[in-house]
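Me: I have a model open here and would like to go through it with you. Could you start with the terms and then move to the structure?

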Amino acid sequence: MSRPTYSAEDAAAGPRADTPTRSTTGPPGTAGAPTRPHRRPTAEWVLLTALPLTAVLALAAFLRFWQLTRIGFNSDEAVYTGTAASLAGDPAMQPVFPVFRAHPVLFTGFVSLFLRGGTDEFTARAVAAGVGVVTVAVTYLLARRLYGHAAGLAAALLLAVMPYHVVVTRQVLLDGLMTLCATLALYCVVRYVQAGRDGLPWLLAAAGSLGAAALSKETALVLVCGLYVFFVLSRSVRMRWRHAVLATGLLALVVAAFPLATWVAGHRGTGQNYLQWQLFRRANHPMGFYAATVPQVIGWAVLAAAVVGLVWLRRRNGWREGLLLCWIAAPVLFFTLWPVKGFPYLLPITPPLAVLAGRTLGALAGLRMRTGRLRVPPRRLAAAGAVLVALAVALSLALPSAARVTAAPKGSFLAGSGGLPGGREAGQWVREHVPGGARLLAAGPSVANVLQFYGGRPVSALSVSVNRLYRNPSYTPVPNPDRSLRDGEFQYLVWDSYTAHRAPFYGAKIRQLVDKYHGAAVYSSAVRVPASSTDPTPTPVIVIYQVRVS
């Protein structure tokens, strides 16, 4: 492998991270520096490194744990927590939440380790929030390795308060652990490039981390395409064929753990059914969904800082920036073109975006400034200015993050953007008031999953397609709801504003069935939201009707 090159201007950017590390190099973040004897931490190290990093991690933890259970689970959280509880041996969850569903079980298996003493919201969400905080720490290591300590602190700070990362990692979703494993893989790739011929262990570590990311959520394999493009297009970095073969083999071996587990457990067709469903699902959002929703939750200031750095420091651009951009471009292009889109799907791009923005903010500290008659040294003045700019950018992210944590409930809901207002309360009512043998029919599967988790009663969904190509294999369709109601299969109907907003046809169908079968409202959600900006009349988000056949 040929060594990457760098310009003399890199001296102003901090550590020369392009230089391959050898046994003569210093500790992480000081690539190319001579080895120094081990010394105890100094007051300067504590003041400039330990305390700022600790403060950043504490801020990240505060935003992720603050009011963590203010709103109950959404559909995905209910499914993943229910699956984790089934893995932990909870007999109440095993009938309604099977172990093998649409995704691998690494995350749910990890959460199940903390649910041995019982299933509760805080524990499950705390695991996800803790994963988010660890991702902030790994992002610091990544940015420090590439651009130095100042950039590392700036990148960690931006990710710690970024609304996108905060919101997603406060939920029991697969994307948080996938992003942590993917960021760790990216760090290992950087170490591989810097190590040169001696970097095979780092490449194998990257392959293992990517495999773990794929076992968290299979969409992580898209990132492999980004790495492939990087190594093909990069002029200064070359990968040996032997390294590529060994890394690919290890990745395939790790990923094969999931289909092997389903085969051994006697669910060989489960993965095939889910794959078929994912390939033939109808589009749930337009192509411009991410362009309209993601930039504002990542933060326009972060995107601006990343772009400004690529332009302003263009003479220093090299393999480092190429690697980060390829890592970002692969999921953005794939999911923009892929018909099925989810709000948290682009979470893996947040750490490299924070690193690129941190690079810009860190480079501000190295500016040569003319101080005139001022007695303040130029370096300290530039550092103080860089700190102020970084804090201003972080504040522009922290305020929206705090606003999202404390936001009032809405009658509409974007999957993956937070908990489902009113769902927990409705489920608890079902558990306390609906007889054990009764069944409920909801408009959509999202509310059905939440009611099953909290209520412990089977809930079917009206909108589940009878065509196997267009439905989740875990759901059972109701081909003829009229016949089912006449035969007494369902005793309760559930209307919710979320499904009515997203799929008006099924919301109206539930209303028709309520009128036809003399439904009487027995529960109305305690959470109420205005019907519209012009209509101040509060509207309940979930209503449960008891029906009777005359």
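Reply: Contact here means heavy atoms within 4.5 Å. With that, residues 24 or more positions apart account for 77% of the contacts in the protein with a separation of 6 or more. This is a predicted model, where local features need pLDDT of at least 70 and side-chain atom pairs count only at pLDDT 80 or more, while totals for chains, interfaces and linings use all residues. Residues are numbered from 1 along each chain as its sequence is written, and side-chain values use heavy atoms, with hydrogens and water left out.

Me: How many helices and strands are in the protein?

Reply: The protein has 22 helices and seven strands, taken as DSSP runs numbered from the N terminus (helices H or I, at least four residues; strands E, at least two).

Me: And what share of the residues counts as buried?

Reply: Of the 550 residues, 50% are buried, that is, under 20% relative accessible area with a 1.4 Å probe, protein chains only.

Me: Now helix 14 and helix 16, at what angle do they pack?

Reply: Helix 14 (residues 300-312) packs on helix 16 (residues 350-364) at about 60°, with axes 8 Å apart; the axes are lines fitted to C-alpha atoms over the stretch in contact, and angles run from 0 to 180 degrees between N-to-C directions. Residues making the contact include Val302, Leu303 and Trp312 of helix 14 and Leu353, Arg359 and Leu364 of helix 16.

Me: Which residues of helix 15 are buried?

Reply: Among them are Trp319, Arg320, Glu321, Trp327 and Phe335.
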